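Subject: The structure for you to look at

Hi there,

Here is the structure I promised to hand over. Please open it next to this email, and then read on for what turned up.

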Amino acid sequence: MSIEKNARASVNEQLVLGEKIFLSLLDQNSESLSQGARILAIDYGFRQAIASNDDETMLSALNNQQKRLGANISVFYTSTKFYTTADDHQLISGEKIYGDVKFAVKTLVDNAQESGNFKSVAIFNNEPYQLVAVPVKAPLTIGWVIMGFKVDNILAKKLHKLSNLEVTFVSKANHANWSLTASTLTGSSTNNIMTQPSNLINTKTMNREIDIDGISFGSRYVSILNSPNQVLYAVLQRSIDEATAPYKNLQLTLLILTIFGAFIFAISIHYVSKFITKPITDLVQVAKSLEKGNYEVSISTDRKDELGELSRSFSSMSEAISTREKSISRLAYFDELTHLPNRTSFMLKLNKALEEAEVTKQQLTIFILNLNRFKQINNILGHDAGDEILRVVAQKIKATAREQDFVARIAGVQFAMILSDTTSEFGLSLAEDLSKSFESPILISMQSVDVSASIGIATYPKHAKNEAQLLTRAEMAMHAAKASRVGTTVFDKSYDLNSSTNLSMASELKNAIAGNQLIMYVQPKIDIASSKLTSLEALVRWKHPEKGFIFPDQFIPFAEQTGYIQLISQWMLNEAARYSQIWNTMNLHYPIAVNISTRDLIDQELPEKINAIFKTYHIDDSSLSLEITESSIMDDPVRALATLDKLSSMNIKLSIDDFGTGYSSLAYLKRLPVNELKIDKSFILKMEQDESDKKIVQSTIDLGHNLGLKVVAEGIENQIVWDLLRKMGCDSGQGYYMSKPMPANDFASWISLWDSSSIYKETRLSNDE
């Protein structure tokens, strides 16, 4: 009876352990689904397809990501749209089933918004699914991506492999009969399980013994889903007969020893006590340690009998369980590629660190680091090279971090760091050191690859009071750093598009575009050799009816984040064309350069829009030119180059603005159909005192001329710089020395005065000499 009792206790312990392994496996599946859904949710093309109502592209991306994850169902859901794909087309063929899917998805999204629970289990067509939801933000939530795995034989076999238990899933939906979903048992064995739920399953009787084909099984019913209309249990089972078999052999051995050793019992009692009782006691202690979750215990023995074999079996079992636990923990909490903690570990650590910071009244800073243009690197060099780059980046981050800092990979190309007892100022200094480490190219497969990163910083309690808000605001700062291309940025409330100030700014900016509050200014570009006016650059100003003039630095970054920048660009192109038409009637034929943004550059319809403007205002293709930053080209080189080629074929002059501040390579630069380089004013302003800036400017002028391009210098503010540029052979310049930006209405008056200006006379005189 004792052996039977111990065997059953051992079976129950295995069943309890199996439940823990099963729940860990469900969490692992949820994390895998969540990571895959997040990758899709932040994909730029997918969000563009949503924004442009491109259902075909959106469904294709949804279906492709489903296949990559091996998921059985994927859904995109908004308050007005519902799209779903599934491996089993019957799932969505019936109206009632489709309605069940939609109801489950809506319930999951509602729960996610209200309680932060982004995962659930639901039953469709008598088949259960494990679901997760991830919001799609641009940057506000515009919809939800839902991914799901079917709770089927694949999951049952995986759990069987990890726990060595038999696994069966039974479910009931809408008060129907119990249904068998999946099982590692075969044949009629499952019928005995199906007779149990209606009579025995409840929260108080989780463990049962069931006879299946004459074999007694210890069974544990694990509740996965328990709602009024849907119930799902995982039935974990272990054969008691198999568990007691070693004990029965031992029992027989003990019986024989008892019969033949009765007459020497008194003499050998001490020996027997040491030889038999102690090993069994040790085994019981091992079993208790296993029950408490200590899987590192083992029994060392040189015995060759059954007790020795049993001891070795216990040791092997504890080692196997320990290995499985470590494997499950590694999969659940660590990234396999970089060996860094994953997002789950990061959130647990952040929560604990915030609790400690609250108690100790210390500050806490976090970084969010996102790699720039990694998609293009991956497409060009391949996924193996991309994986190697991620490993090198992980090493760079760990090398920069202090010993007490916590580093994790929380998404595909996104890393995070927790710095306890640290201010945002110190965090900024450390982040800048990290950013500098990316200045050296990474050598991959004998190729030198330039990799850059955008880092966002947020601090508790200065910027946020809880982990979700702190993480969100660090991500906002990261997106601001990426948009402004400064590398590292500390969170500012202006980055929060949901704040009352920015919501007001959004409304006011939209009204400004529609209500003619924008004003076009122009700044002349002067030929340095002759001092003659060659062209104009168009600049935008906003005259608010109450706040007065709002300068571009205050609203252009916000317009880029919200997408209003394309409306501003379209307004500027029309306004420049309108003035060009007016000035042509005054015999003032000067090209006007208009700046266009990254969003404009990847708009494949931009050439057609500009052509329509030419026709509307009856001006030729030389009347307008376009200025683009090199960094905007590199955000999406393939689409940008396609747009530039179309514009160049229309004989529209193209200029690279702020040259020298971006990341473009010379190999890529020579492929661009541009006509002009504009040297950024940061190199011009100090060139009279800084020899390095002077060398950079001279090299850039020589480079532009060697590529057959005109070179323009921005930021000329005095005669010394003007003379230096003339000696260097710079073609044109603009700056306060010649003229500040002026309202376009004042240009006609300004040009009549320019020919008599001192700059013009001095340059003309020196040329004559």
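Below is a walk through what was found, from the whole chain down to single residues.

Before anything else, please keep in mind that this is a predicted model.

**The chain as a whole**

The protein chain has 29 helices and 27 strands. Of its 769 residues, 49% are buried. If you take the contacts between residues at least 6 apart in sequence, 64% of them join residues at least 24 apart.

**Aromatic pairs**

Tyr521 belongs to strand E18 (residues 518–527) and Phe549 to strand E20 (residues 548–550), so the pair ties together parts that are 28 residues apart in sequence. The two partners also differ in their surroundings. Tyr521 has a relative accessible area of 15% and is therefore buried, the cut-off being under 20%. Phe549, at 38% relative accessibility, counts as partly exposed.

A second pair to find is Phe747 with Trp750, which is stacked, with 6.2 Å from centre to centre and 25° between the planes. Both residues lie in helix H28 (residues 747–754), three residues apart, or about one turn of the helix. Phe747 and Trp750 are both buried. They also belong to a cluster in which ring pairs link Tyr579, Trp583, Tyr590, Phe747, Trp750 and Trp754.

**Charges over rings**

Two arginines are worth a look here. Arg541 lies over the face of Tyr521, at 5.3 Å from the ring centre. The charged end of Arg578 sits over the ring of Tyr579, 4.8 Å from its centre.

Which residues bring H26 and H27 into contact? On the H26 side they are Lys694, Val697, Gln698 and Ile701, and these meet Leu724, Leu725 and Met728 in H27. Helix H26 covers residues 691–706 and helix H27 residues 719–728; they pack at an angle of about 40°, with their axes 10 Å apart. H26 and H27 are therefore oblique to each other. Their crossing is right-handed.

The crossing of H2 and H3 is left-handed. Phe46, Ala49 and Ile50 of H2 make the contact with Thr57, Met58 and Ala61 of H3.

**Backbone points to check**

- The peptide bond from Tyr460 to Pro461 is cis, with omega near 0°. Pro461 lies in the loop between strand E16 (453–460) and H16.
- Lys361 is not a glycine, yet it has a positive phi of about 60°. You will find Lys361 in the loop between helix H12 (343–360) and strand E11 (364–371). Lys361 counts as exposed, because its relative accessibility is 72% and the cut-off is over 50%.
- Ser531 also has a positive phi, of about 65°, although it is not a glycine. Its place is the loop between E18 and strand E19 (533–544). Is Ser531 buried or exposed? At 0% relative accessibility, Ser531 counts as buried.

Ala468 is in helix H16 (residues 467–484). With a relative accessible area of 47%, Ala468 is partly exposed. Ala468 and Met347 are 121 residues apart in sequence, while their C-alpha atoms are 8.8 Å apart in space.

That is the tour. Do write back with any questions.

Best wishes

Methods:
Residues numbered from 1 in each chain as written. Predicted model: local features only at pLDDT ≥ 70, side-chain atom pairs only at ≥ 80, totals over all residues. Heavy atoms only, no water. Helix = DSSP H or I, 4+ residues; strand = E, 2+ residues; numbered from the N terminus. Buried < 20%, exposed > 50% of the residue type's maximum accessible area, 1.4 Å probe, protein only. Phe/Tyr/Trp six-rings, centres within 6.5 Å; stacked < 30°, edge-to-face > 60°. Lys NZ or Arg CZ within 6 Å of the ring centre and 35° of its normal. Axes fitted to C-alpha atoms, helices over the stretch in contact; angles between N-to-C directions. Parallel < 35°, antiparallel > 145°, perpendicular 65-115°, else oblique. Left-handed = near helix turned anticlockwise from the far one by under 90°. Contact = heavy atoms within 4.5 Å.
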